Amino acid sequence: MNKKKVILLGATGSVGVQALDVIAAHPDLFELVGFAFGNNIDKAREIIQQFSPKVVVSSQSNIIDQFKAEFPELLCYSGDAGLSQLAQTADYDVLLNAIVGSIGVIPTLEAIKLGRDIALANKETLVVAGDTIMLEAARTGSQILPVDSEHAAIFQVLQGVQARDVRSLTITASGGSFRDKTRAELVDVTLADALTHPNWTMGAKITLDSATMVNKGLEVIEAHHLFGLAYEDIHVVLHRESVVHSMITLNDGAVLAQLGPSDMREPIQYALSYPRHIPIHNEKTFDLTEIGRLHFEKMDLVRFPMLDLAYRVGKLGGGYPAVYNAANEVANLAFQEGKITFLAIEQLVTRAVFEHMEFDGQTLHQILASDRQTRQMLSHWIAELAEEREK
């Protein structure tokens, strides 16, 4: 296996840090040539010192000015334009997109236009621009290698299976922090409650999305684009243990599943080493006899309305998934900042979707415009809610 040159977007986040662990564990196979991060300057400095990349991008221009002085041989860019420059100009084989949010769409598309492979942890890329991304990847030969544990599981069990033989996909969901709470019990939940995930250690945004079940909704839309199945053939089941990461059902009724410990390094490493399964550093123990039992339950779409809404916007297509995602990103952050209640996230996202005006033949440019308009609209609504609370 030749050494792969890797660009990592979102290097200081949860998935990014675990990706760096994978790269560091196999210096003979992977080389970090560039990375992007937000504002965690101390962690970014550690990455530069450990991996000696050639290009770095930060969302903050003042940080980049500082790094230019500290590391004069390093190419430094900032902002959204910097992400595009990184994807367009660096010498690399695979772009690992671990950024959170729709900001990941454009650099991913730029890399695909160059025929680079994409290790995709940024589900919003396909939610917002799935049709464009998949068509462009087919044109250039770029491989989209899923990093989300659920999609990585499906991707793995599909190896050697003909697409026409697949009847359906089943995505598993842990249920998030509030899986045992009724709707009535969600009224007064706090951010600290929401960020206590029973199975996974993740960033605040995705952990909160797991609690609302938006995360699973985004995964359903992503799976539709990745694997080409109709929404009616993509199912979600509640699986508390997070041991079975996802399954496929074949036309003859056979069910193939991928199992393993809750360790994001495995899907990250497989996306980077594909098609090989190489040893993982400090592998987590996995013994089914110790686990004992696995539980599966039907998803209650009344209890989790954001998952139901995701199916609806996915089927509608066009700009609807982008509106769903943009509204959630703004509402999710507003809850983190204490501006709205937990249940207000659902209310705001639902309102944004139902007030969206769609036009025939939506282009990517129009979809991204709807994304921006939705964010502005959500900010206005959240300000109104704040005024009402103060009265």
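**Group meeting: binding site, patch and domains**

Okay, let's start with V15, which sits in helix α1. Keep in mind that this is a predicted model. If we skip the neighbours within four places in sequence, what does V15 touch? Its contacts are A98, A121, V147 and I268.

V15 also turns up in an annotation. The unreviewed UniProt entry has a "binding site" feature, and V15 is on that list together with T12, G13, S14, G38, N40, N122, E124 and G203.

Where is G13? You'll find G13 in the loop that runs between β1, residues 4–9, and α1, residues 14–25.

Now over to the surface. There's a nonpolar patch of about 460 Å², and the residues making it are L259, F286, L288, I291, L294 and F296. Take L259 from that group: L259 belongs to strand β11, which covers residues 255–259. Its relative accessibility comes out at 35%, so L259 is partly exposed too.

The chain splits into domain 1 at 4–146, domain 2 at 149–301 and domain 3 at 317–390. How far apart are the C-alpha centres of domain 1 and domain 3? That's 27 Å. The two do touch, with 9 residues of domain 1 in contact with 9 residues of domain 3.

That's my tour, over to you.

Key: Residues numbered from 1 in each chain as written. Predicted model: local features only at pLDDT ≥ 70, side-chain atom pairs only at ≥ 80, totals over all residues. Heavy atoms only, no water. UniProt positions renumbered as here; feature names shortened; annotations may be inferred. Helix = DSSP H or I, 4+ residues; strand = E, 2+ residues; numbered from the N terminus. Contact = heavy atoms within 4.5 Å. Patch = residues over 30% accessible without salt bridge, like charges linked within 9 Å, V, L, I, M, F, W, Y side chains within 5 Å. Areas by Shrake-Rupley, 256 points an atom, 1.4 Å probe, with all protein chains shown as cover. Salt bridge = Lys/Arg side-chain N within 4 Å of Asp/Glu carboxyl O. Buried < 20%, exposed > 50% of the residue type's maximum accessible area, 1.4 Å probe, protein only. Domains from an automatic or database assignment.
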